[in-house]
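Student: Could we go through this structure together, one part after another?

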Amino acid sequence: MSTPTLGTRRALPILSPGQVSGMRQELADVIEYRKSGLSLNWIVGCPLDCGYCVRHLFENFEMKVPRRLLSDEDAVIRLIGHRYFRPHKTPIQLLNRATDPMLPAVKPHLFNVLRLLDGQGLTNHVLVITRWRVTPEDCAVLNSFTHLRLTVLVTHSHIQDERIEPVDSTIAATSLRTLYQHADRYRTILYWRPIVPGLNDSAADIERAHDLSQHAHATVFTGLFFRDEIAAYYQAHGLAMPYQDTARRKILPAAAEQRILAAIGQDASWGALFRKTSCGVAYAHGEADYNGHYGIRELCDICPPQQIAKCQAAWVKPDLTAVTQEARGLGASGPIEVNDRAIVVEGLDEPPRYYLQHGFGYQCHDRAKPHHHRQHGRAPIGWTAENGTPAA
Ligand code: SF4
């Protein structure tokens, strides 16, 4: 089928260079390399008002009406011309930072960019994250892309405080069911997040997630991103602080994770459950994890045995000479190491580290920001160190 174009809907206006230059630089940069993929954010602005939204970090929370920074065509040119983009290999994320891609005014542009990428025969993973409405007609469009490996992740928290979660979670639940029912070429994931102890991790919440996991190709669960800017918003609006401290990484206390895993136990009626986004995406497409999480073996203890075998077969410790050559070319300083869990580098920020990670299919860590056992990618809040003291 042909992909619907904007039709009668007016295209979103494109901001002038002067308007763009008035934005925070992180927001004006339409491409950001994140762990799950090279992220293209050519539309900013959202009316959904989730209290924990990362737009607080960009001083963009008050921008309720979506606007484009670039035309769809220019956004695609920018993406595939990016220094870190590799055809068929680099995972891509679309509109995962400053808007919801399925908002009625945004969706036609999402579909347009998907059509442009697919039209080039690209087979890269593409991740689209939404909490908004997805219709059977949308599913037909999403099934129409013949090359891309497309995954729609549906964020569902079931937090009941409307000041934190103003969007009724039944919208996301309905979207997930619709997506799963109509999935042919794409895959859909229950993105169970943010889990906050005391807010949405009751036995009933876990049972709700159980039910929804039946309507997804995989389930990924994770915690809350709680930075200073988000804490300030909570404080200004009189919201109870979920944690006393803020953190660079997402927070999911050990006790919350253990309660969830204990409730799930050996219950085979749960859909496959993952701690990491890329693990869920890869599983849903019948592939090994593209982030090499298999090196962090404790992440895999909840993974289906066939998937573990798949990741084990694909996980190859890269040659130090090849790694060194690439890392030096990217600007790495200091010693470079390849150990049994990860490549360890110094002097590289996240984008080149993710470039190495996705290129080698092997974790790439910064020596200055170590990942501690069982806390991979998570804040130390709510965890104890190996010696029993609170984690640093
Ligand atoms: S085996 Fe490990 S790395 Fe692979 S998908 Fe499962 S959890 Fe992720």
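Tutor: Let us begin with a term: two strands pair if DSSP finds at least two bridges between them. Helices (H or I, at least four residues) and strands (E, at least two) are DSSP runs, numbered from the N terminus. This is a predicted model, in which local features need pLDDT of at least 70, side-chain atom pairs count only at pLDDT 80 or more, and totals for chains, interfaces and linings use all residues. Residues are numbered from 1 along each chain as its sequence is written, and side-chain values use heavy atoms, with hydrogens and water left out.

Student: In what order do the eight strands of the open sheet come?

Tutor: The order is β1-β2-β5-β6-β7-β8-β9-β10, and the pairing is mixed. At the edges stand β1 (31-34) and β10 (273-274), each of which pairs on one side only.

Student: What holds strands of a sheet together in general?

Tutor: Strands pair through backbone hydrogen bonds, either parallel or antiparallel.

Student: How many bridges join β5 to β6?

Tutor: Three bridges join β5 (residues 92-94) to β6, and the two strands run parallel. Gln93 has Leu127 in β6 as its bridge partner. Helix α4 (residues 107-118) packs on this sheet and touches β2 (37-40), β5, β6 and β7. Contact here means heavy atoms within 4.5 Å. The direction of α4 makes about 155° with that of β5. For such values, axes are lines fitted to C-alpha atoms, for helices over the stretch in contact, and angles run from 0 to 180 degrees between N-to-C directions.

Student: Is β7 mostly covered or mostly open?

Tutor: Strand β7 (residues 149-156) is mostly covered, with seven of its eight residues buried. Buried means under 20% relative accessible area, exposed means over 50%, and partly exposed lies in between (1.4 Å probe, protein chains only).

Student: Which strands pair with β7?

Tutor: β6 (residues 125-130) pairs with β7 in the parallel sense over six bridges, and Val128 has Val152 as its bridge partner in β7. β7 also pairs in the parallel sense with β8 (residues 187-192), over six bridges. There, Thr151 stands opposite Arg187 in β8.

Student: How does the chain cross from β7 to β8?

Tutor: The chain passes through helix α6 (residues 169-182), and this β-α-β crossover is right-handed. A crossover is right-handed if, with the strands pointing away from the viewer, the path from the first strand over the helix to the second runs clockwise. β6, helix α5 (residues 136-143) and β7 also make a right-handed β-α-β unit.

Student: Which residues of α5 are buried?

Tutor: They are Asp138, Cys139, Val141, Leu142 and Asn143. Their cover includes α4, β7 and α6.

Student: New topic: what is the order of the open sheet of three strands?

Tutor: Its order is β11-β12-β13, with mixed pairing. β11 (333-338) and β13 (364-366) are at the edges with a single partner strand each, so one side of each has no neighbour in the sheet. Direction ignored, neighbouring strands of this sheet are turned by 20° against each other on average. β12 (residues 343-346) and β13 pair in the parallel sense over three bridges, and the partner of Val344 in β13 is His365.

Student: Which helices pack on that sheet?

Tutor: α12 lies across β11 and β12, running at about 145° to β11. α13 touches β12 and β13, and its direction makes about 155° with that of β13.

Student: How do α12 and α13 pack together?

Tutor: Helix α12 (residues 320-330) and helix α13 (residues 350-360) pack at an angle of about 150°, with their axes 10 Å apart. The two are therefore roughly antiparallel to each other; angles under 35 degrees count as roughly parallel, over 145 as roughly antiparallel, 65 to 115 as roughly perpendicular and the rest as oblique.

Student: Which residues meet there?

Tutor: From α12, Ala322, Val323, Glu326, Ala327 and Leu330 meet Pro352, Tyr355, Leu356 and Phe360 in α13.

Student: Last one: is Glu62 buried or exposed?

Tutor: Glu62 is exposed, with a relative accessible area of 64%. This residue lies in the loop between β3 (43-44) and β4 (67-68). By contrast, Pro253 counts as buried at 11% relative accessibility, in the loop between α8 (228-236) and α9 (254-264).
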